[in-house]
Amino acid sequence: MRGILDAFPRMGIAHLPTPLHPLNNLSQHLGGPRIWVKRDDLTGLGTGGNKLRKIDYALRDVLDAGADCVVSGGVVQSNSARQVAAACAAAGIPCHLAVFEGRVEAGSERYYTSGNALLSDLFGATKHPMPWSSDPNQALKTIASRLRADGFDPAILPYGVSSPMGAIGYATLIAEIGEQMDRAPAAIIFASGSGGTHAGIAMGCQIGLQQTQAIGFDIDAQPDRVRQDTAAIMLAAGKRLGWIFDLDAIDLRSGMAGPSYGVPHEKCLEAMRLAGRLEGLVLDPTYSAKSLAGLISLVMDGTFDKADDIVFVHTGGDAAIFAYEPSQLGLMG
Ligand SMILES: Cc1ncc(COP(=O)(O)O)c(C=O)c1O
């Protein structure tokens, strides 16, 4: 599997491999299988997160094609945009970010000034405010054509860095898990939104961990769209890898997104507080806490054997919690 993935050049900016360790207190508390956490929140640069694994490959790809600046984007508190900004800073290339307003209702002024919003400024990104639309990549194209008219040669890293190359980068997670564990886990569980993380994990499992179920939890409250995007990315990435993936095997679960993207709900906040209290683990209420809530629901349903190993992928998002009022997270009283 390494041979297949190493054929593609990467930046080398993500700190890999990320640690994998058991969550003994949480496993004991739930009384189910042995739960492990794969710490993709610890990919290093710019406070880390899952996108760096994708950016490592996707940015190399566009820079090798001759781009002189990068266009990407996300919501105001986008982890993805913050990681693109950090990677561009490290690569010494200008970064332009579409900042989508209107997808998430701000709970307080902190939403605009703290967490990822503050960090993207720190990393020197140029921000372009844009209204949210169901096709966010269109706005990135608009910014790129303006830059082209000004004489630049921009490359687009799409919303969520969910390109075929980004997904190939994410398949390295499975190579690492295969190297780090004595036996294949029964399941790997993670948050799924723009499709690249899910595509990478599903492709990696089909190539190298065939006994393992890759279970994504929709956090966008759009499971059909997430499944379609995941399939499209796997199809395109398969062409670059010379591999035909089984798209029917995509396992995307719904029911943990809550009312909509970015809106915390009780089970998600309970999971977030549990991870903090039992393991000192920082989850965020938009992504990782929703996927842990999904994992907990599967354990409660008796989906797994006690003897199973289950890997929870901590995809990051820690910075975003500082954009919330404590009361929004059910903390401090
Ligand atoms: C912390 C975190 N987890 C999970 C995801 C989902 O990844 P993907 O968009 O590749 O589905 C994201 C995407 O922004 C994220 O920021």
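Trainee: By class, how many nonpolar, polar and charged residues are in the lining of the largest pocket?

Mentor: Keep in mind that this is a predicted model. The lining has 16 residues in total. By class they split into five nonpolar, six polar and five charged.

Trainee: Which element gives the most to the lining of the largest pocket?

Mentor: Look at the elements that give two or more residues. They are α7 (136-149) and α11 (223-241). With three residues, the one that gives the most is α11.

Trainee: Where does the largest pocket lie relative to the domains?

Mentor: Check which domains supply the lining. Domain 1 (2-49 + 163-329) gives residues, and domain 2 (51-160) does too. The largest pocket therefore lies between domain 1 and domain 2.

Trainee: Which residues lie nearest the centre of the largest pocket?

Mentor: The pocket has a volume of about 290 Å³. Its lining counts 16 residues. Nearest the centre are P136, N137, Y159, R225 and D229.

Trainee: How much space lies in the second largest pocket?

Mentor: Start with its lining, which has 17 residues. V104, Y111, G262, T286 and Y324 are the closest to the centre. The space in this pocket is about 230 Å³.

Trainee: By class, how many charged residues has the lining of the second largest pocket?

Mentor: Domain 1 and domain 2 each supply at least three residues to this lining. By class, ten are nonpolar and six are polar. The charged count is one.

Definitions and conventions:
Residues numbered from 1 in each chain as written. Predicted model: local features only at pLDDT ≥ 70, side-chain atom pairs only at ≥ 80, totals over all residues. Heavy atoms only, no water. 1 Å grid on protein atoms, 1.4 Å probe; cavity = no way out; pocket = protein on both sides within 12 Å on 5 of 7 lines; lining within 4 Å. Points joined across faces, edges and corners; volume = space filled by probe spheres on them. Helix = DSSP H or I, 4+ residues; strand = E, 2+ residues; numbered from the N terminus. Nonpolar A, V, L, I, M, F, W, Y, C, P; charged D, E, K, R; others polar. Domains from an automatic or database assignment.
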